[in-house]
Amino acid sequence: MRGRLNNKMVSYFAFAWAWQHAVRQQSGEKLFRQKKACFALLLLITLAVTLQFPTATSARLPYNTWFVDQETNRQVRIQPVYVPSQVVGYSDIDVPLLAPNDLYITADDHVYVADTGNNRIVEYDEQGRFLRAVGTAEGDGALNAPEGVFVTKDGMIYIADTGNKRIAVYDAGGVYVRAFEKPQSVLLPEGYFYVPTKLVVDNRGVMYVVNKDSYQGLLRMNEEGKFTGFFGANKTEVDWLTRLKRTILNQTQMDKEIAKRPGAIANVAMTSDGFLLTTSYGVAKGQIKKLNAGGADAFLNKPYSESKLVDTAIDADRFLYGMNSEFGEISIYDPYGNALVYFGDMDKLAHQQGIVNFPTSVAINSKKELWVADSSLNLLQVYKRTAFGEAFLTASKLYVEGSYEESKPYWEAVMKENGMMNLPYNGLGEIALFEKRYAKSMSYFKDSYDAAGYSDAFWNIRYDWIQSYLIYSILVLIFLIVLLRFLFRKIRVYVTVRSWPPFAAQYGGEAKDAWYLMFHPYEGFYRLKERKISVSMILTLLLLTIGIRILSIYGMGFIFHPYDLSKVNLVLEVCLLIVPWITWIIANYLVSTVKGGEGRFREVLQASTYALVPYIVLMIPAILLSNIVVLEERIVVDSIIQVMWIWIAVQFFIMTQVIHNFDFLEAAKNAGITLFTIGVIWIFVVIMSGLSYNLFDFVKQIYREVTFYA
């Protein structure tokens, strides 16, 4: 704002000088002095008004904050959760940092930095002021390119002295105590490469060491430096090519292949309750693991969207913070490893606060401030939590703990700032469910597209309704069944005794054949063979199929369609049902003609239309049931739908066998070739569509160019 005011003042004085010069040329000195006084007064009034009502200014962050929408899987921008607040390690220290590689923050918020390029460990206080350097003395305590640091509760400093291939230990005063060289053990693999890069130490003094590019996992040593085994190794990821080689090649040939090794652990951290957090770089699953004393992963080797995480930090609320070295993003996860939000950016050509070049480590202090080491910029960047971020993460913490009532004001505060996020609606839905406001809870869960929560709320509503109206419902159901049977008999008698015109009689007979064919496919398709079905019946069945499809999209229960129905592409959904059916008719007729089938195109068309009847009949009860079952009962509706598709497939197969007069094996071969032909037709259509679009675009560009130059 100060810069804007200065610019305004410069503009005012420049205008004043020009005005004075013009007046001096046009009038005498006396007139000039009078106008000069008037202008001075006007200028003072303008400046006073400007200072009284300054122009509002805003600063935009150099990066975005976003979350991944559960419904569309798209990145949605939100308000900042963390903003840059401080830069440490460049101008506030006699010897600036050089390639900092690791961070450790103690309980009193002192920050220890592995200053790799300067061969030392640097300690800062909680405000980022330099306190001391460790490991700079000559002799045994001299460090060589240290890449990791860990400080115990009693102040002992353990350093991964990478250049010297050892673990160096210093006391709380920074005095060198001892070093742990490569342990001698017959259990270590022959030629094991011992180059420590990161480490943690538990309360017993047991060290867990990350070795550079080691696939065996963490090297574990006791307080005396004896090797006690490897810990937390990643699993070998076998791709499809390796599986194919194992199937084709013999053992001798496989021995000549390069062995497939599991991914190496890149970093390790320790939680307050004794778990180990490992961060693995370049693996498809288990990028972050939370290991207990037995080496079991609490996250069950789950995959994360980040493949190049270099470090993970954990705060007092057990939320995780991952540092991505590929895009410079910091990802925040709840205690169960579920991603909440992402923020940050990378630009190797930029020198801007908040933007990283080559991040190597992330740590968090008791004030929830994030410290990030950047070995390319040679500094530390500090990010502080915003009011929105504090409300959101506090609400998330209480939600995870099950303290739904306590989280309510925080969720409401988040929704006032941003009502587009799913998680606040989840939290408010859980609160309403806890308060037995089931209808409101269903509404919240529907807004967050949470099928499981919606099912829980609906179960309670259904349970209350059954308790109140079950007996009445049974009586009404019995009455409706009796009434329908009575009406059906009356209608049947009426239809039988009445004389119908030929068109109506034919239409009724064809409709009856459609129902008969569903349960007697062989006899039913024989009735259709060499018979001309009316166009009106074919159109009726097609329109019913399309109508049922549309009804299934908008009428299925929310548990089955937990997404925004307004975003459904209705034309595409209908085409996904009708286009394969049309392609089947064309391919089946062409293949059967070549293979000696007897069916004509019209017979294939009308038989394929009648084969859709199970879809019309079975989708109606599936749609109705989908609105009254809960998630645990979903298998009932899914079973009906699966039976329906199997029934339709059997109908198409029998149709091929009967219409073309094939035996079973001939029909099976014909069906397989038909499916292959369908694939060929679709590929051809896609290629021709692409070429047509390119030709159209080429002609369009030529037309534009000609009209422009004309």
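Val88 is buried, with a relative accessible area of 0%; buried means under 20%, exposed over 50% and partly exposed in between, using a 1.4 Å probe and protein chains only. Val88 sits in strand β3 (residues 82-88). Val88 and Val382 are 294 residues apart in sequence, yet their C-alpha atoms are 7.8 Å apart in space.

This is a predicted model, in which local features need pLDDT of at least 70 and side-chain atom pairs count only at pLDDT 80 or more, while totals for chains, interfaces and linings use all residues. Residues are numbered from 1 along each chain as its sequence is written, and side-chain values use heavy atoms, with hydrogens and water left out. Helices (H or I, at least four residues) and strands (E, at least two) are DSSP runs, numbered from the N terminus.

- Helix α9 covers residues 451-497, and Leu484 is placed in it.
- Leu484 counts as exposed, at 56% relative accessibility.
- Leu484 belongs to a nonpolar surface patch whose members also include Val476, Phe479, Tyr494 and Trp500.
- Together the patch residues have about 1,100 Å² of accessible area, a value from the Shrake-Rupley method with a 1.4 Å probe; for residues, only the protein chains shown count as cover.
- Patches take residues with over 30% relative accessible area and no salt bridge, joining like charges within 9 Å and nonpolar side chains (Val, Leu, Ile, Met, Phe, Trp, Tyr) within 5 Å.
- Helix α8 (residues 438-447) packs with α9 at an angle of about 155°, their axes 8 Å apart.
- Axes are lines fitted to C-alpha atoms, for helices over the stretch in contact, and angles run from 0 to 180 degrees between N-to-C directions.
- α8 and α9 are therefore roughly antiparallel; that label needs over 145 degrees, whereas under 35 is roughly parallel, 65 to 115 roughly perpendicular and the rest oblique.
- The α8 and α9 crossing is left-handed, meaning that the near helix is turned anticlockwise from the far one by less than a right angle; clockwise would be right-handed.

**Salt bridges**

- Side chains of opposite charge can pair when their charged atoms come close.
- The whole structure holds 19 salt bridges, each a side-chain nitrogen of Lys or Arg within 4 Å of a carboxyl oxygen of Asp or Glu.
- Arg129 and Asp125 meet in one of them, at 2.7 Å from N to O. Arg129 is partly exposed at 47% relative accessibility, while Asp125 is buried at 6%.
- Asp513 pairs with Arg527, their closest N and O atoms 3.3 Å apart. Asp513 lies in helix α10 (residues 502-519) and Arg527 in helix α11 (residues 521-528), so the bridge ties together parts 14 residues apart in sequence. Asp513 is buried at 11%; Arg527 is partly exposed at 35%.
- Glu573 pairs with Arg549, with 2.6 Å between the closest N and O atoms. Glu573 is in helix α13 (residues 570-594) and Arg549 in helix α12 (residues 535-555), so this pair ties together parts 24 residues apart in sequence. Glu573 is partly exposed at 22%, and Arg549 is partly exposed at 21%.
- Asp315, Arg385 and Glu390 are linked in a salt-bridge network.

**Positive phi in loops**

- Ala99 is not a glycine, but its phi is positive, near 55°. Ala99 is in the loop between β3 and β4 (100-105) and is partly exposed at 22%.
- Lys165 is not a glycine either, and its phi is a positive value of about 55°. The loop holding Lys165 runs between β9 (157-161) and β10 (166-170). Lys165 is partly exposed at 40%.
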